[in-house]
Amino acid sequence: MTTPEGATAGVARPGHVDLHSHSTASDGSRPPAAVMAAAHAAGLAAIALTDHDTVAGIDEAAPAARALGLRLVPGVELSAVEGSVETHLLGLHLSRPGEIEAGLAGLREMRRERAQRMVVRLNELGVRVSFDAVLEQAAGAAIGRPHVARALIQEGWATDLRDAFDRYLGNGRPAFVAKDNLTVADAVAMVHRAGGVAFVAHPGHTGTLARLEALAAQGLDGVEILHPSHGAEDVARLRAIADHLGLLPTGGSDWHGADGGPRALGSMRVPEEWLARQDARIAERTVGTRR
Ligand code: AMP
Ligand code: ZN
Ligand code: FE
Ligand code: FE
């Protein structure tokens, strides 16, 4: 069933939240206010907006959420690097997003230059897509591979997103260019500077006790347990490790605008109690600072 907002209604039950979503401020397909409307339509008690390398969507999302009686958790998704492996971090509960705006602007400039290099690679492969076409798709957002993919589709060089990633843009494919990412310690520090708590996003099978212990030693506060890419074994292991290490739990659909399937908004049925535990950790930390 589809609501006027285009979201699938009734995916979530009361008492559930979704703490990972993207809007047109990065590579999602809906504007921030439409993400809020979809979260409300899905029956969620709270939604976190976690765009890649930007907090620009929060200003539009906040009044929309307020009008709907929906709680908005201000967030961001950062890409970091451990050795040569890209790791995503979620910063949630950013009470001072302005503190990191300059740092995020630098990351977006890096994304723009990287997109330019991807266009050069594509041109060398005979794919005559222009950087202007990519900029048009991004429309001022933090540029990601999905915008390059949409330009390829628009100009007839790929049939759909999957085709564009399979043939050109996916990791290790001929037009793939790695991002110049932050270290994990710098990304965690950035989240803390903005007043937030830092989670490792969708670790999947790489979320082992040894790795999460190492991340916790670098200041990580929690782990994303519920995510569409996780199987039942991942969820069980991550829950046990989070309990063992005292890491906060989080989860979400990583919504980019899909209407149905495992990546529909609210599909992860994240309990509101996890959000309450995050709130409690922040309250504890605030009391600690005041002493
Ligand atoms: P970037 O941050 O520019 O490297 O782009 C990563 C984003 O591309 C992810 O957040 C997804 O939204 C999207 N993405 C990554 N791999 C694929 C894929 N194989 N098919 C479709 N979208 C993908
Ligand atoms: Zn994305
Ligand atoms: Fe991610
Ligand atoms: Fe994401």
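Start by selecting Arg 162, which is exposed at 64% relative accessible area; here exposed means over 50%, buried under 20%, and partly exposed in between, using a 1.4 Å probe and protein chains only. Before you click on, know that this is a predicted model, where local features need pLDDT of at least 70, side-chain atom pairs count only at pLDDT 80 or more, and totals for chains, interfaces and linings use all residues. Residues are numbered from 1 along each chain as its sequence is written, chains are lettered from A and ligands numbered from 1 in the order in which they are written, and side-chain values use heavy atoms, with hydrogens and water left out.

Arg 162 and Asp 166 form a salt bridge, with 3.5 Å between the closest N and O atoms. (A salt bridge is a side-chain nitrogen of Lys or Arg within 4 Å of a carboxyl oxygen of Asp or Glu.) Both residues sit in helix α6, residues 161–169, and are 4 residues apart, about one turn of the helix. Helices here are DSSP runs of H or I with at least four residues, strands are runs of E with at least two, and both are numbered from the N terminus.

Stay in helix α6 and pick Asp 163 and Arg 167, again 4 residues apart. Their side chains meet in a salt bridge of 2.9 Å, N to O. Asp 163 is buried at 17%, while Arg 167 is partly exposed at 36%. Next, select Glu 233, Asp 234 and Arg 237: salt bridges that share partners join them into one network.

Which side chain meets Asp 279 in a salt bridge? Select Arg 71, with 2.8 Å from N to O. Asp 279 belongs to helix α10 (residues 272–290) and Arg 71 to strand β3 (residues 71–82), so this pair ties together parts 208 residues apart in sequence. The count of salt bridges comes to 11.

Last stop: the zinc ion (ligand 2). Asp 27, His 52 and His 256 are among the residues coordinating the zinc ion, at 2.1 to 2.7 Å. Donors are N, O and S atoms within 2.8 Å of the metal (3.2 Å for Na, K and Ca), and water is not among the atoms, so sites may look incomplete. Select the iron ion (ligand 4) too: 4.7 Å separate it from the zinc ion (ligand 2). Finish on Asp 27, which is buried at 8% relative accessibility, and His 256, partly exposed at 27%.
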